[in-house]
Amino acid sequence: MKNDLRFNSRTIHGGQQPDAAYGAVMPPVYLSSTFAQTAPGQHKGYEYSRSGNPTRHALEASLASIENGASGLAFSSGLAAMDAVLKLLGPGDEVLANRDLYGGSYRLFRRVFEPLGIRFRFEDLGKPGEAANCIGPKTRLIWLESPTNPMMNVLDIGAMAELARSRGVLLAVDNTFATPYLQQPLDLGADIVMHSATKYLGGHSDVVAGALVVRDPELAGRLAFLQNASGAVLGPMDSYLVLRGIKTLHVRMQRHCENGRAVAEYLAGHPGVEHVFWPGLPNHPDHEIAKKQMRDFGGMLSFIPKGARYEDAVKLVSALQVFTLAESLGGVESLAGHPASMTHASIPREERLKSGVTDSLIRLSVGIEDADDLLEDLARSLAALSFGRS
Ligand SMILES: *Cc1c(COP(=O)(O)O)cnc(C)c1O
């Protein structure tokens, strides 16, 4: 019944029941690694916490509910969740991935799975017509992020899903930036949704976690096998933190979107700013797809200060006081980063430039503080920048 509720109610109730023992409204944190059996193989559904843990299962049911999936799986990090997906493949198989990717995803593909014989092809998948030419007989998986990190390009998930289906290829979507509040990739035809739950799902910058959600029971079974066999499960305490975070996802996201708009519009009108990348701006090249596919435009954006070099961007992000200079995103507090020296430093410069991650690009994760404090902080730092150069 609770899975028939609307999205904003499912963040709170989806897949949840009061605890069977005492009616606890929040699931107890079951720290036990093992569970008593009355006779060999006779138990109450749990044997050993890698294979299954009641607190983790409460989170996994919530994940499935908010992504409109059938099965959720919680991992020890976003990359551990991706690792499980890639283990569906074998040597000789090919993955088609979007060029503009989270740096750690790129590193996992190139440095861990490529040496094991899986081939990766990085292309600009913005045009599904052209993407069709990049699928070969060995392609097994298409991997996308939308909006992309950090360029905020929006890919047409529905069109990519149609293409993937017509060619018998799995489509996986990293939904970390958008969250199910903004878009639900399974409804658009994707096979696998992945999250770094470290970001918006957890929402408070206090836990590292990952998630997969799927609909197909056979695929769910293969991924659950890999989750247990490889063992990168999320611990009970961390599962509890993510579950608690999800309960306020919709209210946080609403404010992230409002503040994202305020910051994007402010920067777009600032004389010291050359360009703002936020899909909610009408001049964004993917604004129309974003409007069609997303409920709102989120709190992630990037911008380039006018005439800035690498050092100027470093100086600007260091001068911010309300925005914290830090990697990561999606928490209640605003963060600023310099992709070229931080999140995307592991990507070779030429590769990085090809996808638009220039030396002076700055990425913001706009939090849920008072928007005026954020605007004043940006105004101060931009003023300090032009001051220093004159
Ligand atoms: C952070 C992030 C990841 C990796 O997740 P971890 O939880 O850090 O392992 C993957 N994709 C995107 C888009 C991310 O932002």
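Residues are numbered from 1 along each chain as its sequence is written, and side-chain values use heavy atoms, with hydrogens and water left out. As this is a predicted model, local features need pLDDT of at least 70 and side-chain atom pairs count only at pLDDT 80 or more, while totals for chains, interfaces and linings use all residues.

Start with the ligand. Around it sit 14 residues, and Gly78, Asp174, Ser196, Thr198 and Lys199 come nearest (near here is a heavy atom within 4 Å). By class, this shell splits into six nonpolar, five polar and three charged residues (Ala, Val, Leu, Ile, Met, Phe, Trp, Tyr, Cys and Pro are nonpolar, Asp, Glu, Lys and Arg charged, and the others, Gly among them, polar). Helix H3 (78-86) and strand E6 (192-196) each supply at least two of the shell residues; both kinds of element are DSSP runs numbered from the N terminus (helices H or I, at least four residues; strands E, at least two).

Next, the pockets. A pocket is an open set of points on a 1 Å grid over the protein atoms alone, with protein on both sides within 12 Å along at least five of seven lines; a cavity is a set where a 1.4 Å probe fits but cannot get out, and lining residues have an atom within 4 Å of a point. Volumes are the space filled by probe spheres set on the points, which are joined across faces, edges and corners. The largest pocket holds about 530 Å³. Its lining has 20 residues, with Asp19, Ala20, Tyr30, Tyr46 and Pro54 closest to the centre. The second largest pocket comes in at about 300 Å³, and its lining draws at least three residues from each of domain 1 (2-246) and domain 2 (250-388), with bounds from an automatic or database domain assignment.

As for cavities, the structure holds three of 30 Å³ or more. About 90 Å³ lies in the largest cavity, whose lining includes Arg99, Asp100, His344 and Glu351.
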